[in-house]
Amino acid sequence: TVQKFVSLHFENKVSNFSSLFKISTLSLPLPPKKLIGNMEREFIAERQKGLQAYLDVITTHHILSNCELVKKFLDPNSYSVNYTEIALQHVSMFFRSEPKWEVAEPLKDIGWRIRKKYFLMKIKNQPKERLVLSWADLGPDKYLSDRDLQYAVKLLSSCSHPYIYKITFATANESSALVIRPFSEKGTLKDLIYKAKPKDPFLKKYCNPKKIQGLELQQIKTYGRQILEVLKFLHEKGFPYGHLHSANVMLDGDTCKLLDLENSLLGLPSFYRSYFSQFRKINTLEGVDVHCFGHLLYEMTYGRPPDTIPVESFPPAPSVFVVSVLESILTSEALKNGMPTVSRLLQMPLFSDVLLTNSEKPQFKIPTKLKEALKISKECIEKRLTEEQKLIHQHRRLTRAQSHHGSEEEKKKRKILARKVTGSGASSPLTSPSSPTPPSTAGASSIPPAPPPPPLPPAAPPPSTEVPTARPEASAGRGALLSSIQNFQKGTLKKTQTCDYSAPRIS
């Protein structure tokens with residue numbers, strides 16, 4: 001009964017996913033229902049298998065697995081907080097000290113993060129100018145002190161680079177951060193690839209694109225070169241990033257501009273963390289950025305993300321040079337040996353001949369004290385990543401071992417081995433207490449051991465007249481015992497009187 005109750009409760013909760021996944025346009029059918037006999041044991045077992053398969057599809061889908069509803073179902077204690085209400089509270093507090101801003105409308109679910117919310121903004125004395133406010137909670141990789149964090153976030157608005165999207169305003173406190181940027185009608189690089197509208201929900205835009213088509217070769221070369229240039233700039237400044245993906249690249253004409261520089265300061269997890277955390281050679285933030293660039297380049301080339309990582313064979317590409325870059329990042333050999341550097345990618349034929357026409361001079365002055373704090377934070381982020389990779393590696397080894405020992409082939413091998421051991425044990429002679437083991441001496445090795453006497457039958461045997469062969473050291477004792485047995489006389493025994501209490505007593 002308990003099993004049936006749990007199964008039905010589980011089914012009802014899983015069924016709640018359907019309303020959310022309609023927006024993604026994915027076809028994820030639940031196993032068929034049954035009106036009659038739906039409480040039978042066989043049906044419950046079959047139903048559970050179908051529901052488990054349904055969950056497996058959801059949890060292995062990169063975008064769906066990050067949905068708030070899925071996370072709440074799998075871990076309700078960690079995701080019980082209403083982050084939309086918290087975001088509204090923090091934004092309202094911000095407006096008390098900054099009255100010139102005004103919320104035009106909430107941009108619901110345009111991002112993939114549960115703890116990051118977006119609002120369309122406008123300035124009261126400039127009503128035609130539209131901006132986007134993003135509010136985010138602090139994440140597990142936040143290692144800056146509160147003072148350094150607030151200073152670093154405010155410093156972001158002073159950063160000027162042709163391939164970094166301009167920040168209008170940024171501030172942070174001990175629990176969250178708030179950043180305001182201009183709103184772009186054109187949207188991100190991911191919107192361009194998927195032919196999506198920027199204000200639509202993340203699931204609707206990217207989960208199941210209607211038309212899959214990559215970019216033209218010149219776009220791939222130009223956008224790729226621009227992104228690599230800004231990554232190189234950030235690494236040289238000692239500024240940690242680690243959050244590159246196509247939805248974090250804004251389009252401004254024919255120029256790519258990087259978004260969400262604040263994510264690394266706030267300690268937020270990367271979009272591709274579930275991928276690179278499986279490979280121990282990707283243990284630096286530069287390696288993380290290069291691996292994420294591989295995902296982005298694949299998406300620009302083929303119009304969709306790779307099905308699995310590593311990728312061993314690539315579909316036809318606009319150029320062999322594109323495939324050579326992808327092979328250096330996404331194949332099993334590359335993941336085993338480690339990521340190439342950003343400088344090495346810039347020297348590859350795909351990007352080396354791209355001419356950049358933007359003449360804006362990059363400026364991002366970071367004080368020496370803050371640079372040291374960022375360096376320590378970067379090292380802590382890399383250390384936590386290494387520890388996580390070690391745990392995943394140990395878990396995978398344990399899972400493989402359990403799977404190996406639980407396989408049918410191994411079970412057969414163990415059965416055969418057990419039979420052999422049992423068979424060899426049965427063929428060996430039984431030892432009896434009446435035939436002690438000869439002492440381990442050099443002289444005794446030349447004397448053959450006496451054969452053991454036959455085992456005693458269950459009933460008392462008649463006196464035996466067979467004289468066993470005795471060893472010299474035990475002959476005196478055995479001789480006396482044999483003489484006593486042979487000279488035994490029944491008449492010498494004393495008569496005894498017994499009381500029999502075995503008969504039943506009737507009271």
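# Aromatic contacts, helix packing and backbone exceptions

Tyr 272 has a relative accessibility of 2% and therefore counts as buried. Buried means under 20% relative accessible area, exposed means over 50%, and partly exposed lies in between (1.4 Å probe, protein chains only). The model is predicted: local features need pLDDT of at least 70, side-chain atom pairs count only at pLDDT 80 or more, and totals for chains, interfaces and linings use all residues. Numbering runs from 1 along each chain as its sequence is written, and side-chain values rest on heavy atoms, without hydrogens or water.

**Whole chain.** The protein chain has 507 residues, and 38% of them count as buried. Its secondary structure amounts to 19 helices and seven strands. These are DSSP runs numbered from the N terminus: helices (H or I) have at least four residues, strands (E) at least two. Take the contacts in the chain with a separation of 6 or more: residues 24 or more positions apart account for 66% of them. Contact means heavy atoms within 4.5 Å.

**Aromatic rings.** The whole structure holds 13 aromatic pairs. Rings of Phe, Tyr and Trp (its six-membered ring) pair if their centres lie within 6.5 Å; planes under 30 degrees apart are stacked, over 60 edge-to-face, and the rest tilted. One of the pairs joins Trp 112 and Phe 271, edge-to-face, at 5.1 Å centre to centre and with 65 degrees between the planes. Trp 112 sits in the loop between β1 (101-107) and β2 (116-123), and Phe 271 in the loop between α10 (262-266) and α11 (273-276), so this pair ties together parts that are 159 residues apart in sequence. Trp 112 is buried at 17% relative accessibility. Phe 271 is buried too, at 6%. Phe 271 also pairs with Tyr 272: edge-to-face again, 5.0 Å between centres, 70 degrees between planes.

**Helix packing.** How do α9 and α12 cross? The axes of α9 (residues 217-237) and α12 (residues 285-302) come within 11 Å, crossing at roughly 165 degrees. That makes α9 roughly antiparallel to α12. Axes are lines fitted to C-alpha atoms, for helices over the stretch in contact, with angles from 0 to 180 degrees between N-to-C directions. Angles under 35 degrees are roughly parallel, over 145 roughly antiparallel, 65 to 115 roughly perpendicular, and the rest oblique. The crossing of α9 and α12 is right-handed, the near helix being turned clockwise from the far one by less than a right angle. From α9, the contact uses Ile 220, Tyr 223, Gly 224, Ile 227, Leu 228, Leu 231 and His 235; from α12, it uses Glu 286, Asp 289, Phe 293, Leu 296, Leu 297, Met 300 and Thr 301. By class, these are nine nonpolar, three polar and two charged residues. Ala, Val, Leu, Ile, Met, Phe, Trp, Tyr, Cys and Pro count as nonpolar, Asp, Glu, Lys and Arg as charged, and the others, Gly among them, as polar.

**Backbone exceptions.** Most residues other than glycine have a negative phi, and most peptide bonds are trans. Lys 195 has a positive phi, near 55 degrees. Its place is the loop between α7 (189-194) and α8. Asp 260 also has a positive phi, near 60 degrees. Asp 260 lies in the loop between β7 (255-258) and α10. The peptide bond from Ile 309 to Pro 310 is cis, with omega near 5 degrees. Pro 310 belongs to the loop between α12 and α13 (320-330).

**Contacts across the sequence.** Leu 203 is part of helix α8 (residues 202-206). Thr 168 is in the loop between α6 (146-155) and β4 (169-172). The C-alpha atoms of Thr 168 and Ser 157 are 6.1 Å apart, at 11 residues along the chain. Beyond its neighbours within four places in sequence, Thr 168 touches Trp 101, Leu 131, Ser 157, Ile 180, Arg 181 and Pro 182.

The table gives the accessibility of residues from the last two topics.

| Residue | Relative accessible area | Class |
|---|---|---|
| Lys 195 | 54% | exposed |
| Thr 168 | 38% | partly exposed |
| Leu 203 | 10% | buried |
| Asp 260 | 8% | buried |
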